Amino acid sequence: MATTADDVRTIALSLPGSSEKLAWGMPTFRVGGKSGKIFAALADDDTSIGVKCPKEDRAELIEAEPEKFFIRPGHDDNYAWLRVRLAAVEDARELRSILTDSWLQAAPKRLAASHPELGGSPSDGAQGLRSG
């Protein structure tokens, strides 16, 4: 069953300290207050999301699952960001893993450390993306 923009919103806002704010005309999800760091953004057509991902991990993920992961050349080249096609995400569990991994990379260290149930520290890289 494909995941939807509503699933993204529900899961993203369930993560500790998360909020939603429009930026560039798109819903973005932040951690650390309304002006906090963005950990996810819905595309304007609601078919994909952008999430934080170490640049060194992107090529491997895209090569392994090109139907799911991609970057927008010329736009994402210099950012630790990866795009995910929602139709290719298996289920809400996989989506939660992807969003949680991105949240861990953006969350203030103290906030992330106070939630060990979310699976690790911000230095864990793209583990949630790889295990999804």
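Colleague: What order do the strands of the open sheet have?
Modeller: The order is S1-S2-S3-S4-S6-S5, six strands in an open sheet with antiparallel pairing. This is a predicted model, by the way.

Colleague: Which are the edge strands?
Modeller: S1 and strand S5, residues 69-70. Each of these pairs on one side only.

Colleague: How many bridges do S4 and S6 pair over?
Modeller: Five, in the antiparallel sense. Take Ile 49: its bridge partner in S6 is Val 84.

Colleague: Step back a bit. How many helices and strands does the protein have?
Modeller: Five helices and six strands. Reading from the N terminus, the elements go α-β-β-β-β-α-β-β-α-α-α.

Colleague: And what percentage of the residues count as buried?
Modeller: 46% of the 132 residues.

Colleague: On to the core. How many residues has the largest nonpolar core?
Modeller: It has 28 residues. Those with the most contacts inside it are Val 8, Phe 39, Ile 49, Val 51, Leu 95, Leu 99 and Trp 103. Ile 49 is the residue that bridges to Val 84 in S6.

Colleague: Which elements each supply at least two residues of this core?
Modeller: H1, S2, S3, S4, S6 and helix H3, which spans 92-106. The largest share is from H3, with six residues. As a general point, nonpolar side chains in soluble globular proteins tend to be buried together.

Colleague: How do the lining residues divide into nonpolar, polar and charged?
Modeller: Eleven are nonpolar, four polar and five charged.

Colleague: You mentioned Trp 24. Where is Trp 24 found?
Modeller: In the loop between S1 and S2. Most residues other than glycine have a negative phi.

Colleague: Is Trp 24 buried or exposed?
Modeller: Exposed, at 69% relative accessibility. The cut-off for exposed is over 50%, so Trp 24 qualifies.

Colleague: Which other residue has a positive phi, near 60°?
Modeller: Asp 46, again a residue other than glycine. Asp 46 sits in the loop between S3 and S4. At 39% relative accessibility, Asp 46 counts as partly exposed.

Colleague: Back to Arg 83. Which residue does Arg 83 form a salt bridge with?
Modeller: Asp 76, with the closest N and O atoms 2.6 Å apart. Arg 83 is buried, with a relative accessible area of 12%. Asp 76 is buried too, at 1% relative accessibility.

Colleague: How many salt bridges are there in the whole structure?
Modeller: Four. One of them joins the side chains of Glu 20 and Arg 9, at 2.9 Å from N to O.

Colleague: Which elements do Glu 20 and Arg 9 lie in?
Modeller: Glu 20 is in strand S1 (residues 18-23) and Arg 9 in helix H1 (residues 5-14), so the pair ties together parts eleven residues apart in sequence. Glu 20 is partly exposed, with a relative accessible area of 25%. Arg 9 is partly exposed as well, at 26%.

Colleague: What about Glu 65 and Lys 68? Buried or exposed?
Modeller: Both are buried. Their side chains meet in a salt bridge of 2.9 Å, N to O. Salt bridges that share partners join Glu 65, Lys 68 and Glu 94 into one network.

Colleague: Last topic. Where is Glu 90?
Modeller: In the loop between S6 and H3. Glu 90 is exposed, with a relative accessible area of 56%.

Colleague: How far apart are Glu 90 and Ala 2 in space?
Modeller: 6.4 Å, C-alpha to C-alpha. In sequence, Glu 90 and Ala 2 are 88 residues apart.

Key:
Residues numbered from 1 in each chain as written. Predicted model: local features only at pLDDT ≥ 70, side-chain atom pairs only at ≥ 80, totals over all residues. Heavy atoms only, no water. Nonpolar A, V, L, I, M, F, W, Y, C, P; charged D, E, K, R; others polar. Helix = DSSP H or I, 4+ residues; strand = E, 2+ residues; numbered from the N terminus. Buried < 20%, exposed > 50% of the residue type's maximum accessible area, 1.4 Å probe, protein only. Pairing = 2+ DSSP bridges. Core = buried A, V, L, I, M, F, W, Y, C linked by side-chain atoms within 4.5 Å.
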